[in-house]
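I opened my notebook for a walk through one protein chain. Here is what I looked up, entry by entry.

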Amino acid sequence: APGTLGSCGRNTFTSPAYTQVDFGVFKSFALTETWKLHFRTELFNAFNQANFSGPVTSIQSATFGKINSTRAPNRVLQFALKITF
């Protein structure tokens with residue numbers, strides 16, 4: 001009956017697998033003997049793989065058992081410059 005404990009075992013509902021590849025690379029340039037320029041690039045979720053959330057587990061919900069969203073953001077690309085002296 002609704003609102004009572006059921007007979008489902010532990011971990012009956014599992015979410016889809018989560019995979020994400022992050023990548024970073026940097027290069028240093030000597031401007032003078034004491035001044036250096038560092039350039040860095042980072043990619044988060046480099047292959048832009050969709051990582052889906054778990055299914056809706058509320059039995060009263062009209063979307064019970066459906067996956068409605070993702071867990072990770074889309075690909076993010078970031079650049080950075082740093083000068084040391």
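**Entry 1: ground rules and overall fold**

How many helices and strands does the secondary structure of the protein chain come to? I found zero helices and three strands. Helices (H or I, at least four residues) and strands (E, at least two) are DSSP runs, numbered from the N terminus. Along the sequence, I read the pattern of the protein chain as β-β-β.

A note on what I am looking at: this is a predicted model, where local features need pLDDT of at least 70, side-chain atom pairs count only at pLDDT 80 or more, and totals for chains, interfaces and linings use all residues. Residues are numbered from 1 along each chain as its sequence is written, and side-chain values use heavy atoms, with hydrogens and water left out.

**Entry 2: overall dimensions**

I looked up the radius of gyration, which is taken over C-alpha atoms. The protein chain has 23 Å, whereas a compact globule of 85 residues would have a value near 12 Å. That globule rule is 2.2 Å times the number of residues to the power 0.38. Taken along the principal axes, the box filled by the C-alpha atoms is roughly 75 × 20 × 20 Å.

Next I checked burial, where buried means under 20% relative accessible area, exposed over 50%, and partly exposed in between (1.4 Å probe, protein chains only). Of the 85 residues in the protein chain, 9% are buried. The protein chain exposes about 7,100 Å², and carbon and sulfur atoms supply 59% of that area. Accessible areas come from the Shrake-Rupley method with a 1.4 Å probe; for residues, only the protein chains shown count as cover.

I also looked at contacts, meaning heavy atoms within 4.5 Å. Among contacts with a separation of 6 or more, 57% come from residues 24 or more positions apart.

I found Val 25 in strand E1 (residues 23-30). Val 25 touches Phe 39, Arg 40 and Thr 41, leaving aside residues up to four places away in sequence. Val 25 counts as partly exposed because its relative accessible area is 43%.

Is Ser 53 buried or exposed? Ser 53 has 14% relative accessibility, so I noted it as buried. Ser 53 lies in the loop between strand E2 (36-44) and strand E3 (76-84). Not counting residues up to four places away in sequence, Ser 53 touches Pro 16, Ile 67, Ser 69, Thr 70 and Arg 71.

I followed one of those partners, Thr 70. Thr 70 is found in the loop between E2 and E3. Thr 70 and Ser 53 are 17 residues apart in sequence, yet their C-alpha atoms are 5.0 Å apart in space. Beyond residues up to four places away in sequence, Thr 70 touches Asn 51, Phe 52 and Ser 53. Thr 70 has a relative accessible area of 45%, so I wrote it down as partly exposed.

Asn 45 is in the loop between E2 and E3, and is buried because its relative accessible area is 3%.

Asn 48 is not a glycine either, but has a positive phi of about 55°. Asn 48 is found in the loop between E2 and E3. With 37% relative accessibility, Asn 48 counts as partly exposed.

**Entry 3: the largest pocket**

Which residues line the largest pocket? I listed Gly 3, Thr 4, Gly 6, Ser 7, Cys 8, Phe 13, Thr 57, Ile 59 and Phe 64. A pocket is an open set of points, on a 1 Å grid over the protein atoms alone, where a 1.4 Å probe fits, with protein on both sides within 12 Å along at least five of seven lines; lining residues have an atom within 4 Å of a point. About 250 Å³ of space lies in the largest pocket.

Thr 63 sits in the loop between E2 and E3, and touches Val 56 and Asn 68, not counting residues up to four places away in sequence. The C-alpha atoms of Thr 63 and Ala 30 are separated by 58 Å, with the two 33 residues apart along the chain.

Pro 73 is in the loop between E2 and E3. Pro 73 counts as exposed because its relative accessible area is 57%.

Terms used
Grid points are joined across faces, edges and corners, and a volume is the space filled by probe spheres set on the points.
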